[in-house]
Amino acid sequence: MTLRAHVVVRRGTLLVDVDLAVAPGEVLAVLGPNGAGKSTVLRVLAGLLVPDGGRVTIGDDLWDSPEQHVPAHERPLGMVFQDHLLFPHLSTTDNVAFGLRTRGVAKAQARRTADEWLQRVGLEGFGDRRPTQLSGGQAQRAALARALVGEPRLLLLDEPLSALDARTRLTVRAELRRHLAAFAGCTVLVSHDPVDAMALADRVVVVEDGRVVQEGTPAEVARTPRTDYVARLVGLSLLPGTATGTVVELDGGGRVATGEDATGPVFVAVRPGTVSLYLARPDGSPRNVWPATLVAATPHGSTVRCDLDGEVPLTADVTATAFAELGLLPGAPVWASVKASEVAVYPR
Amino acid sequence: MPLPLLVPALLGTAFLVLPLLGLLVRAPWSNLWPQLTQPAVGQALRLSLLSATLATLVSLVLGVPIAWVLARSTIRGRSVLRALVTVPLVLPPVVGGVALFLVLGRQGILGRWLYETFDYTIPFTTTAVVIAETFVAMPFLVISVEGALRAADARFEDAAATLGADRWTTFRRVTLPLVAPGVAAGAVLCWARALGEFGATITFAGNFPGTTQTMPLAVYLALQSNPEGAIVLSLVLLFVSLATLLLLRDRWLGRSAVPS
Amino acid sequence: MRLRALPALAVAGLLALTACGGGSSDTASTSSAASSSGGGELTGTLTVFAAASLTDVFTELGDQLMAENPDLQVTFNFAGSSALATQITQGAPADVFASANREQMTVVTDASLDGSDPTVFTENVLEIAVPPGNPGGITGLADFGDADRTIAICAPDVPCGAAAEQVFTAAGITAQPDTLEEDVRAALTKVELGEVDAALVYASDVQGAGDGVEGIEFPEAEDAVNEYPICTLTGSQNPAAAQAFVDLVESDAGQQALTDAGFRSPSS
């Protein structure tokens with residue numbers, strides 16, 4: 001019952017061309033910036049959009065090919081939308097029962113099953129309410145129940161948590177994780193939030209400009225980003241270069257000393273927390289010390305995130321206290337330093 | 001309330017309401033009852049209500065699908081279709097009546113066939129009244145419903161599709177309930193327009209008491225010989241339509257209101 | 001002085017115009033003499049309220065009067081006589097009123113708005129109008145009592161309907177109409193479209209419809225002769241021109257124009 005999809009869609013100037021495979025019980029997160037084409041991929045998988053090319057199969061069933069298109073309502077799938085899209089004119093129970101009714105289940109039976117599912121997602125007793133009478137988190141739980149009640153082979157989640165406030169998001173994310181673990185079918189989750197992807201997915205596919213730029217487990221992607229977008233998402237500074245031993249000549253000029261040996265084209269990843277800032281060139285002889293200019297500084301909890309420009313562009317997190325003591329203003333010259341052992345290096 | 005809104009609003013209200021007050025002031029209150037109880041009045045009123053209601057039903061059955069095609073389908077020439085179905089809005093109703101003759105009249109394209117095959121003619125029958133009223137009033141419904149469909153979030157229809165609903169089921173169980181207030185508003189507008197219809201009706205259906213003489217026709221003809229009677233008839237039409245609209249409005253508001 | 005002279009001048013001018021059409025050279029010279037001596041003396045605006053059936057004839061006569069008097073502007077308000085009478089009693093600015101019946105003229109005289117005594121200037125009688133070729137095989141008024149035929153007559157509330165009732169009563173026929181039309185024009189339209197087998201309209205309407213309809217005269221029409229009275233109005237801003245127009249209508253030329261349009265000269 002593995003989902004295999006090669007999706008080709010031309011949308012204006014953007015050509016989406018993405019390959020995916022999801023095993024039963026697996027959760028695949030499609031991560032990418034807005035406009036990268038990830039929602040387009042999801043709409044094709046749902047059958048809401050006829051692709052311009054490619055092929056979608058699940059198990060032995062062909063859903064999309066140049067010759068064939070199975071419309072959405074004939075695909076055994078469930079979908080959860082960003083802003084739940086519960087039908088406002090139906091009660092919560094009837095919303096959840098909707099998919100059973102369209103597939104021929106008798107009304108009483110459908111409502112009974114729907115109520116069981118409401119209980120499973122923690123909405124017991126809310127069945128008679130209208131969607132407008134539910135909170136955002138309750139509505140999204142109901143939407144999940146509505147998508148899962150028909151025991152679909154494919155579950156599609158389109159930014160399921162992004163409309164929720166931070167606190168609700170945390171609890172709903174945890175519940176979603178539990179329900180996904182119990183779900184036997186394939187799941188594809190689309191998100192632009194790395195935390196959702198990392199917390200919920202077994203595997204992550206990063207899509208940029210309609211192409212897959214990176215694929216792997218959440219941990220792999222977080223540790224070794226391969227594009228600036230992913231690096232920013234996971235909070236790393238990414239520097240491409242060429243390694244010889246423990247020295248990397250960066251493509252943009254400058255050099256970085258690393259703790260590990262490497263050869264050939266590599267990425268260097270620097271965590272902002274490991275970067276130290278000084279007003280004058282630090283004493284002693286640290287191997288990695290570069291002059292830079294402070295471009296922007298944004299408070300970030302108890303730290304201040306400092307974007308640096310120079311031969312080696314970096315991001316540095318310094319404590320608010322340290323930042324105040326340095327007395328830095330945007331445009332100020334600084335020195336940045338990183339220990340070689342804190343620098344990650346991996347092949348390009 | 002800001003003055004630049006309040007003043008024109010008051011002026012506009014006065015402009016719309018004063019002519020009605022004029023009717024009330026000039027009404028022959030002393031012999032209202034004898035005027036009202038003329039059998040012709042009840043006959044014309046019944047015919048008006050019946051034909052306007054039938055015209056609204058026909059408009060719903062035919063007009064809502066037109067609105068759906070205009071708002072949801074991707075067929076080519078939709079803007080041409082929209083322009084065509086709204087033509088009756090700008091067409092002088094009398095011309096509409098003549099046009100109906102040319103299609104459905106005894107000598108018309110379809111009417112001739114009906115006449116020669118079944119010996120059936122549409123003009124000068126109550127059916128003709130309903131057809132004339134539908135012709136003039138349906139565009140109001142189509143435009144209202146299309147507006148409601150465009151304003152409604154089409155993603156609900158996507159959601160329904162992912163839940164196994166084909167387009168017809170989606171239309172019945174999701175789209176239609178979502179735009180119900182718009183359909184209701186369109187139906188009311190359509191009904192009101194049909195109730196007041198004059199030009200196309202008197203042209204295509206003629207004027208005969210009991211069969212085709214609706215209230216507006218009765219009012220117009222009474223104006224020729226008995227202006228007082230015409231005022232009474234106008235007031236009856238006014239009162240019945242206002243009462244109906246207010247009644248329906250309350251019911252719909254009561255149903256669509258969401259307790260918070 | 002001038003008041004009395006003007007009608008003669010206007011008539012002379014009109015005669016000249018009609019004569020010009022005939023190509024007679026000596027009357028044409030009379031015309032130019034009349035024009036040079038008296039043409040153009042009427043000025044300002046003349047507003048004529050006239051029954052809708054007079055539209056073609058009066059427009060023609062108005063054009064003639066304007067041709068004679070380049071500084072005069074003649075405008076018309078053609079509508080149903082009752083509507084016109086109502087407008088006049090409500091203070092509409094009119095100089096001349098030509099009604100299609102005596103009743104609506106009475107409305108105006110009762111309000112003492114008549115500037116000159118109303119005089120009957122023409123008559124109109126009912127005629128049966130049938131589509132070209134007479135598909136319904138109508139032969140006379142008796143066919144209006146046949147329920148199987150599709151018949152249009154005017155509503156009793158409007159003048160042509162009242163006249164029709166008179167005719168049917170006199171003939172002892174119970175009419176079986178399918179529709180009671182709001183005015184004679186609407187009845188005629190239905191004949192022209194071939195949607196009714198026959199309608200009862202005025203002879204002038206049959207004439208005006210040209211080849212679109214055929215007319216059938218019938219003797220009972222004499223029971224409902226429609227008389228058209230005309231008068232100037234007290235509210236007139238241009239009494240001279242008003243009187244000139246009335247005189248033009250009653251002149252031989254005016255009468256000829258009316259006869260050509262299917263009306264007939266007053267019998268008395």
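## Sheet in chain A

In this predicted model, chain A holds an open sheet of 5 strands, ordered β14-β18-β15-β16-β17 with antiparallel pairing. Strands are DSSP runs (E, at least two residues; helices are H or I, at least four), numbered from the N terminus. Two strands pair if DSSP finds at least two bridges between them. β14 (276-278) and β17 (314-319) of chain A are the edge strands; each has a single partner, so one side of each lacks a neighbour in the sheet.

Strands β15 (residues 289-300) and β16 (residues 303-310) of chain A pair in the antiparallel sense over 8 bridges. A:Ala296 stands opposite A:Asp307 in β16(A).

## Chain contacts

Chains A and B make the most contacts among the 2 pairs of chains that touch. Contact means heavy atoms within 4.5 Å. Chains A and C do not touch; their nearest C-alpha atoms are 49 Å apart.

## Interface of chains B and C

Here 20 residues of chain B are in contact with 17 residues of chain C. The rule finds 1 salt bridge across this interface. The side chains of B:Arg106 and C:Asp197 meet in a salt bridge at 2.8 Å, N to O (Lys or Arg side-chain nitrogen within 4 Å of an Asp or Glu carboxyl oxygen).

On the side of chain B that touches chain C, α6 (93-104), α12 (199-204) and α13 (215-225) each supply at least two residues. α13(B) gives the most, with 5 residues.

## Conventions

Residues are numbered from 1 along each chain as written, chains are lettered from A and ligands numbered from 1 in written order. Local features need pLDDT of at least 70, side-chain atom pairs 80 or more, while totals for chains, interfaces and linings use all residues; side-chain values use heavy atoms, without hydrogens and water.
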